[in-house]
Amino acid sequence: MKRYFMIFARVITYRGVKSVYIFYVETNGYHPMVEIEEIKNQIRIETTAKYAPIGNTVEITGCSEITEQDYEFLKNK
């Protein structure tokens, strides 16, 4: 059974600039916080290209389970 999650993260760049980032995850029934380091790395990769040329610090601030319809809508937004 697939489960869908919305993960909130605080991203801090090498210059100290903070921003909030929302990351959407689809899993095969397990909670994504089981693989928290992998999720942090995925967020770090996505935000490094967007916010800074050097790696960012990622802090997970929250996680919420969402429906499949919400996941599809938000992911494609």
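Select Glu-26 to begin: Glu-26 is partly exposed, with a relative accessible area of 35% (buried means under 20%, exposed over 50%, partly exposed in between, with a 1.4 Å probe and protein chains only). This is a predicted model, where local features need pLDDT of at least 70 and side-chain atom pairs count only at pLDDT 80 or more, while totals for chains, interfaces and linings use all residues. Residues are numbered from 1 along each chain as its sequence is written, and side-chain values use heavy atoms, with hydrogens and water left out.

Which residue forms a salt bridge with Glu-26? Select Lys-2: the closest N and O atoms of the two are 3.4 Å apart. A salt bridge here is a side-chain nitrogen of Lys or Arg within 4 Å of a carboxyl oxygen of Asp or Glu. By this rule the model has four salt bridges. Lys-2 sits in the segment before β1 (3-12) and Glu-26 in strand β2 (residues 18-27), 24 residues apart. Strands (E, at least two residues) are DSSP runs, as are helices (H or I, at least four), numbered from the N terminus. Lys-2 is also partly exposed, at 42%.

Next, select Arg-3 and Glu-65, whose side chains form a salt bridge of 3.0 Å, N to O. Arg-3 belongs to strand β1 and Glu-65 to strand β3 (residues 57-66), 62 residues apart. Glu-65 is partly exposed, at 44%.

Last, select Arg-10 and Glu-59, which meet in a salt bridge at 2.8 Å, N to O. Arg-10 lies in strand β1 and Glu-59 in strand β3, so this pair ties together parts 49 residues apart in sequence. Arg-10 is partly exposed at 35%, and Glu-59 is partly exposed at 31%.
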